[in-house]
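This briefing is meant to be read with the sequence and the model side by side.

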Amino acid sequence: MTCHSALKSLLGGATLALALAAPALAQETIKIGAVLSATGPASFLGDPEEKTLKLYVDRLNAAGGVGGRKIQLVTYDDGGDANKAKTFAQRLVEEDKVVAMVGGSTTGTTMAMIPVFEDAEVPFISLAGAIEIVEPVRKFVFKTPHTDKMACEKIFDDLKKRSLSKIGLVSGTGGFGASMRKQCLAVAAKYGVEIVADETYGPKDTDVTPQLTKIKGTAGLQAVVNADFGQGPAIVTRNYRQLGITLPFYQSHGVASKQFIDLAGEAANGVRLPASALLVADKLPDSDPQKKTVVDYKTTFEENTKQPVSTFGGHAYDGLMMVVDAVKRTNSTEPKKLRDAIEATKGLMGTAGAITMTPTDHMGLDLTAFRMLEIKNGEWTLAN
């Protein structure tokens with residue numbers, strides 16, 4: 001072979017290599033992490049979240065991915081254990097090299113993981129409720145659900161409309177319950193609400209009758225609010241009815257799944273709570289700007305999982321779509337660019353509402369995103 005032909009062959013090979021590399025670069029994967037409580041006491045949160053992420057990643061990839069890039073979802077189950085969550089977060093950063101994280105089913109697991117993603121400068125979108133996740137604002141941390149503070153405000157606003165001002169507060173002592181209690185105490189005066197009784201219970205308590213008996217005997221009591229999530233509120237609700245208390249009873253958005261109704265049984269009827277439009281998707285007027293998003297998600301989730309929709313799976317959908325939207329707008333998988341794009345999210349319609357982030361607001365929802373619901377005959381309805 002002459003030098004000329006060898007050079008021609010080499011250049012041809014290089015051209016071929018470049019030609020092969022170009023589509024490979026276009027097909028670069030978007031590696032997204034998820035640490036969820038898919039099993040354990042918070043599985044009612046983590047299970048629909050995990051199912052949602054896997055379902056929509058598969059759907060996006062089947063449709064060609066995002067800008068020609070396929071999504072690779074890396075998931076771990078922390079079982080509701082904060083220490084395990086932190087270990088998995090470190091693995092996502094150090095070994096899996098994820099470019100964004102959507103997860104953190106509970107406030108406790110989220111708070112354990114925050115330092116890991118902040119130090120690594122990887123955007124972390126939490127699916128948990130407490131306001132302390134985003135206040136004070138941390139550069140790389142965001143969240144999709146409404147906060148416990150917003151839940152207090154929505155409940156107190158409803159009480160004010162019903163001319164009720166003297167309430168009893170019964171709270172769980174876990175991360176979310178303790179945080180919501182603190183927020184309710186802080187904003188009560190703003191709504192003209194006086195908390196005349198304040199009781200707590202532990203996460204393993206199976207009977208809250210003593211605390212509710214104290215609340216029941218409080219002079220001037222007009223309504224009761226339960227601040228907690230998980231199985232505790234179902235126990236409280238059953239005990240509340242067993243004691244024959246007939247005053248208005250409120251729960252938080254932490255019970256916004258069919259599982260709460262199933263656990264509480266007939267005692268759940270009459271309970272009011274703030275939640276997203278997702279639970280009443282089919283009951284929304286066609287003019288509601290959120291209707292298409294929540295009906296589409298509800299239909300897709302229920303048809304594919306054969307399970308009733310919950311707001312918790314919806315939080316995972318919103319988190320994933322925020323990352324997808326950021327990738328589309330930046331045409332990048334560089335974590336810092338994605339962080340900047342997530343913070344600049346404007347009017348992205350999710351299951352929780354229209355999301356608009358700012359440098360001082362890493363949740364992006366206001367009180368209008370909350371609907372006041374009432375459980376009637378074991379079904380979610382819009383409260384009158």
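A residue is called buried when its relative accessible area is under 20%. Thr107 has a relative accessibility of 5%, so it counts as buried. The structure shown here is a predicted model, and the points below describe what was computed from it.

**The protein as a whole**

- The protein contains 12 helices and 14 strands, and buried residues make up 55% of its 384 residues.
- A compact globule with 384 residues would have a radius of gyration near 21 Å, and because the protein has 24 Å, the two values agree.
- Along its principal axes, the C-alpha trace spans about 105 × 45 × 35 Å.
- The accessible surface comes to about 16100 Å², and carbon and sulfur atoms account for 53% of that area.

**Thr107 and its surroundings**

- Thr107 belongs to helix 4, which covers residues 107–120.
- When residues up to four places away in sequence are not counted, Thr107 touches Ala128, Gly129, Ala130, Glu132, Ile133 and Phe176.

**The nonpolar cores**

- In soluble globular proteins, nonpolar side chains tend to be buried together.
- The largest nonpolar core in this model has 94 residues, and Phe156 and Leu320 are the ones with the most contacts inside it.
- Helix 11, which runs over residues 311–330, gives this core its largest share, namely 9 residues.
- Apart from its neighbours within four places in sequence, Phe156 is in contact with Ile167, Cys184, Val187, Ala188, Tyr191 and Val193.

- Thr311 is located in helix 11, and it counts as buried because its relative accessibility is 4%.
- A polar atom in the side chain of Thr311 lies 3.2 Å from the backbone oxygen of Ala256.
- With neighbours within four places in sequence left aside, the residues in contact with Thr311 are His253, Ala256, Ser276, Leu278 and Leu279.
- Asp318 also lies in helix 11, and with a relative accessible area of 1% it is buried.
- Although Asp318 and Thr144 are 174 residues apart along the chain, their C-alpha atoms are separated by 6.5 Å.
- Thr144 is also one of the residues in contact with Asp318 once neighbours within four places in sequence are set aside, and the others are Gly350, Thr351, Ala352 and Ile355.

**Strand 13 and its two partners**

- Strand 13, made up of residues 371–376, is mostly covered, since 5 of its 6 residues are buried.
- Strand 13 pairs with strand 10 (residues 272–275) in the antiparallel sense over 4 bridges, and in this pairing Leu373 of strand 13 is the bridge partner of Leu273.
- Strand 13 also pairs with strand 14 (residues 379–382) in the antiparallel sense over 4 bridges, where Leu373 stands opposite Leu382.
- Strand 13 and strand 14 form a hairpin that leaves 2 residues between them, and Asn377 in the turn has a positive phi of about 50°.

How values were computed
Residues numbered from 1 in each chain as written. Predicted model: local features only at pLDDT ≥ 70, side-chain atom pairs only at ≥ 80, totals over all residues. Heavy atoms only, no water. Buried < 20%, exposed > 50% of the residue type's maximum accessible area, 1.4 Å probe, protein only. Contact = heavy atoms within 4.5 Å. Core = buried A, V, L, I, M, F, W, Y, C linked by side-chain atoms within 4.5 Å. Pairing = 2+ DSSP bridges. Polar contact = N/O pair within 3.5 Å; in protein donor to acceptor, adjacent residues only side chain to side chain. Rg over C-alpha atoms; globule rule 2.2 N^0.38 Å. Areas by Shrake-Rupley, 256 points an atom, 1.4 Å probe, with all protein chains shown as cover.
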